[in-house]
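Subject: Structure handover

Hi,

Here is the structure for you to look through. My notes follow below it.

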Amino acid sequence: MIFHVLTIFPEFFEGPFAYGVVKRAQDAGIVEIRIHNLRDWTHDRHKTVDDRPFGGGEGMVLKPEPLFAAVESIWPERVSQPPGSSSQRRTVLLSAQGRMFGQEMADRFKECEELLLICGRYEGVDERVAEHLADEEVSIGNYVLSGGELGAAVIIDAVARLLPGVLGNDTSAAFDSFQAGGHGEGLLDCPHWTRPADFRGWKAPETLLNGNHEEIRQFRRRTALEKTARLRPDLLAER
Ligand code: SAM
């Protein structure tokens with residue numbers, strides 16, 4: 001799967017994808033991450049990507065021209081395709097006003113061949129990008145970030161780990177929190193323990209040490225349910 005990121009801060013991404021699962025996914029050729037500098041699609045001496053908002057007010061707004069030019073140069077066929085017409089190549093505008101990103105959306109995005117993430121900055125992005133360029137506007141939470149870059153990194157990480165072959169064992173994502181399979185449809189993952197079995201007098205559960213696989217399976221399902229009821233009762237209510 002190819003991820004494209006459109007940003008005015010390409011150096012931002014030197015860190016997030018250089019470690020762990022996402023790094024291994026790239027090394028294995030399962031994931032390709034292409035970082036594009038929005039300023040490459042400007043034509044003036046100062047490489048201007050922003051301008052003052054119509055109507056006045058504070059801050060600057062990302063201009064539509066470089067964003068349209070960038071997407072249409074990455075995917076030339078987009079010139080003649082309206083937003084929403086391709087399920088294989090999705091354009092996502094990161095926005096505090098967008099629909100909330102979650103595991104279900106990650107599951108949907110993993111079916112794409114390519115995903116292009118537009119990172120806003122300043123006061124935001126000219127609304128014509130949301131209306132006529134992006135397939136969807138996506139938020140990673142009910143708070144305002146300074147830019148879309150953190151959101152793009154979150155989405156890429158969450159989607160990449162779902163791709164076949166990325167995690168060592170293909171079933172290991174199925175037991176993660178929010179997944180439809182695993183301990184039980186959309187619950188939290190069960191709690192985990194490791195050695196030492198006794199740490200400062202706090203003992204790991206006996207059941208996990210006795211080697212009885214059926215008992216361990218039932219224990220994990222029960223503790224996943226208990227933890228969900230305690231920390232995220234809303235997930236149980238949804239079921
Ligand atoms: N004035 C905008 C508002 O109140 O909705 C906030 C603009 S924010 C300072 C600049 C950029 O950060 C946005 O264009 C968006 O790309 C990104 N951003 C901010 N909060 C976000 C969130 N919760 N999820 C995804 N992207 C976000």
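**Ligand site**

An oxygen atom of the ligand sits 2.7 Å from a backbone N or O atom of Leu94.

Before the rest, the ground rules. This is a predicted model, so local features need pLDDT of at least 70 and side-chain atom pairs count only at pLDDT 80 or more, while totals for chains, interfaces and linings use all residues. Residues are numbered from 1 along each chain as its sequence is written, and side-chain values use heavy atoms, with hydrogens and water left out.

Back to the ligand. It is surrounded by 19 residues (a heavy atom within 4 Å of the ligand). The closest are Leu94, Gln97, Glu123, Tyr143 and Leu145. A polar backbone atom of Tyr143 lies 2.8 Å from a nitrogen atom of the ligand. For Gly147, a backbone N or O atom is 3.4 Å from a ligand oxygen atom.

**Arg121**

Where is Arg121? It lies in the loop between strand S6 (114–118) and helix H4 (127–132). Helices (H or I, at least four residues) and strands (E, at least two) are DSSP runs, numbered from the N terminus.

Arg121 counts as buried because its relative accessibility is 16%. The cut-offs: buried is under 20% relative accessible area, exposed is over 50%, and partly exposed is in between (1.4 Å probe, protein chains only).

The Arg121 side chain makes a polar contact with the side chain of Glu149, at 3.0 Å. A polar contact is a pair of N or O atoms within 3.5 Å; within protein, one must be able to donate a hydrogen and the other to accept it, and residues adjacent in sequence count only if both atoms are side-chain atoms.

Leaving out residues up to four places away in sequence, Arg121 touches Ile8, Phe9, Leu62, Ser146, Gly147 and Glu149 (heavy atoms within 4.5 Å).

**Aromatic rings**

Rings of Phe, Tyr and Trp (its six-membered ring) pair if their centres lie within 6.5 Å; planes under 30 degrees apart count as stacked, over 60 as edge-to-face and the rest as tilted. That gives 5 aromatic pairs. One of them is Phe12 with Phe13, edge-to-face at 5.2 Å centre to centre and 65 degrees between the planes. Phe13 and Phe17 are stacked, because their centres are 5.8 Å apart and their planes are at 10 degrees. Phe12, Phe13 and Phe17 form one aromatic cluster.

Phe13 is buried at 6%, and Phe17 is buried at 7%. Phe12 is partly exposed at 31%.

Best wishes
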